[in-house]
Amino acid sequence: MIKVQVGDIVEVSLLNGRFTDVGEVVKIIPFCGQNDILVKSHRIIEADPVCFSARQVSAVISRGSERNPLESLIDEITRG
């Protein structure tokens with residue numbers, strides 16, 4: 001399982017890769033011995049974050065600690 005932190009940009013994969021989404025982890029929720037994560041989607045335009053299991057993370061695109069404030073601002077602008 002891939003370790004994620006709040007602020008990371010991750011790719012999640014469901015249904016054996018038939019559905020993938022990319023977004024920023026906004027909250028980590030411990031649940032029954034595993035972590036669920038709230039992801040603010042970059043592909044699905046929604047007001048609320050979507051909940052995924054940490055097991056569904058297929059890749060970490062960038063770490064929150066590695067991004068500078070300008071990159072974060074660009075992410076916000078491109079998401080709308």
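The following legends describe close-up views of a predicted model.

**View 1. Overall arrangement of the predicted protein.** The model contains 1 helix and 5 strands, and their order along the sequence is β-β-β-β-β-α. Of the 80 residues in the protein, 30% are buried. Among contacts with a separation of 6 or more, 42% link residues 24 or more positions apart.

**View 2. The largest nonpolar core.** This core consists of 8 residues, namely V4, V10, V12, V25, I37, V39, F52 and V57. Two elements, strand 1 (9–14) and strand 3 (34–41), each give two or more residues to the core. In soluble globular proteins, nonpolar side chains tend to be buried together.

**View 3. The surroundings of V10.** V10 is one of the residues of the largest nonpolar core. With neighbours within four places in sequence left aside, V10 is in contact with V4, D21, V22, G23, V25, V39, V57, A59, V60 and I61. Among these partners, V4, V25, V39 and V57 also belong to the largest nonpolar core.

**View 4. The salt bridge between R63 and D8.** The structure holds 1 salt bridge. It joins the side chains of R63 and D8, with an N to O distance of 2.8 Å. R63 is located in the loop between strand 5 (57–62) and helix 1 (69–79), whereas D8 is in the segment before strand 1, so the pair ties together parts that are 55 residues apart in sequence. D8 is buried, with a relative accessibility of 0%, while R63 is partly exposed at 26%. Side chains of opposite charge can pair when their charged atoms come close.

**View 5. D36, a buried acidic residue without a salt bridge.** D36 is part of strand 3. The residue is buried yet has no salt bridge, and R55, the nearest side chain of opposite charge, is 6.9 Å away. A salt bridge requires a side-chain nitrogen of Lys or Arg within 4 Å of a carboxyl oxygen of Asp or Glu. Apart from neighbours within four places in sequence, the contacts of D36 are K27, I28, I29, F31, C51, F52, S53 and A54. One of these, F52, is also a residue of the largest nonpolar core.

View 6. N16 is placed in the loop between strand 1 and strand 2 (19–31). Although N16 is not a glycine, its phi is positive, at about 55 degrees. N16 is exposed, and its relative accessible area is 80%. G17 lies in the loop between strand 1 and strand 2 as well, and is partly exposed at 40% relative accessibility. The C-alpha atom of G17 is separated by 9.2 Å from that of S58, a residue 41 residues apart along the chain.

**View 7. C32 in the loop between strand 2 and strand 3.** C32 is found in the loop that links strand 2 to strand 3. Its phi is near 50 degrees, which is a positive value in a residue other than glycine. C32 counts as exposed, with 70% relative accessibility.

How values were computed:
Residues numbered from 1 in each chain as written. Heavy atoms only, no water. Core = buried A, V, L, I, M, F, W, Y, C linked by side-chain atoms within 4.5 Å. Buried < 20%, exposed > 50% of the residue type's maximum accessible area, 1.4 Å probe, protein only. Helix = DSSP H or I, 4+ residues; strand = E, 2+ residues; numbered from the N terminus. Contact = heavy atoms within 4.5 Å. Lys, Arg positive; Asp, Glu negative; His and termini not counted.
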